[in-house]
Amino acid sequence: MNTTPIEVRDLNKKYKDGTWANRNISLVVEHGELLGILGPNGAGKTTLIRQITTELVPTSGEVRIFGIDGVSRPNEAKGYMGVMPQEASLYWGLSVRHHLRIFGKLRGLPAKTASRRAEELISDLGLGEHRDKVTEELSGGLRRRILVGIASVSEPPLLILDEPSVGLDPEARRYLWDLLRRYQRRGSTVLLTTHYMEEAEALCDRVGIIHEGSLIALDTVDNLKAAHGYEFKVTFGSDEGAETIYGGDTGMLVQQAQDRGIQEYAVSLTTLEDVYLGLTGERARLNERAEG
Ligand code: ADP
């Protein structure tokens, strides 16, 4: 078996109405990594994920899952992955335990194994006290945990999650991060999408930035920051609202602010958000404003 979980080559997706949602995307997800695709709403993340999970047929290009062509052999490719789609929902009136058992059986586990696996997941997901509760009795965060459980019920080598933490409060989000890290430690490869900068920064080994359908960067957060060119920033309020100036020397940055008569400013390290703004052209605008 080819050991590369995901290989995407020159992927393009044009919807019927003429929207090019993905343009020439190529990426390789390596074994055992946790890779995040970051971009705002409408950037093309779900379109990319749905082609990788074989739900959408690419307009052109190639998707391989452990070497298997996702277009010509979708069922075989799907056998390697557990998927949590963005719009996934649970059945009303069905308990946590029953969900996990039923989905285990749907994934081909024998009844006994499905029951055992459900119990394992309940403990793994921290759902012990909720095991017999039905969907409507559970918070959004707990429901999301069950969906992660369903995606991983057959212990697939590859987990794919589309915006898994949308709408979760910080505590539930952190729980989800821990859970995904645990899967990774056990040898799974994880691909997820997010529009939360801090999630990409805190959770992912590598981050791919998608902008207007194109993958404009793919690297570790540290490398992305290094490529950004500036290590520090000074932010302050002005007549034009919040402004940011970037540089490699905090003393010079502070001097620049002071030269403009700014008394109150904050010095900090650049973040992934700065990298994102820089790559999508926003930083130039911020600098122009700061210098003007
Ligand atoms: P994201 O997941 O980053 O929010 P999507 O992949 O959902 O982005 O969407 C990318 C672009 O494709 C958007 O402009 C969106 O409006 C458009 N789009 C998504 N689905 C369809 C569709 N079924 N038909 C036409 N356009 C679509």
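Me: Why is F66 called buried?
Reply: F66 has a relative accessible area of 5%, and buried means under 20% relative accessible area, with over 50% exposed and anything in between partly exposed (1.4 Å probe, protein chains only). So F66 counts as buried. Bear in mind that this is a predicted model, where local features need pLDDT of at least 70, side-chain atom pairs count only at pLDDT 80 or more, and totals for chains, interfaces and linings use all residues. Residues are numbered from 1 along each chain as its sequence is written, and side-chain values use heavy atoms, leaving out hydrogens and water.

Me: How do you know that the rings of F66 and Y80 pair, and what is the pair called?
Reply: Their centres are 5.0 Å apart, and rings of Phe, Tyr and Trp (its six-membered ring) pair if the centres lie within 6.5 Å. The planes sit at 40°; under 30 degrees counts as stacked, over 60 as edge-to-face and the rest as tilted. So this pair is tilted.

Me: How do you know that the charged end of R145 sits over the ring of Y175?
Reply: It lies 3.6 Å from the ring centre. The rule asks for NZ of Lys or CZ of Arg within 6 Å of the ring centre and within 35 degrees of the ring normal. R173 does likewise over Y196, at 4.0 Å.
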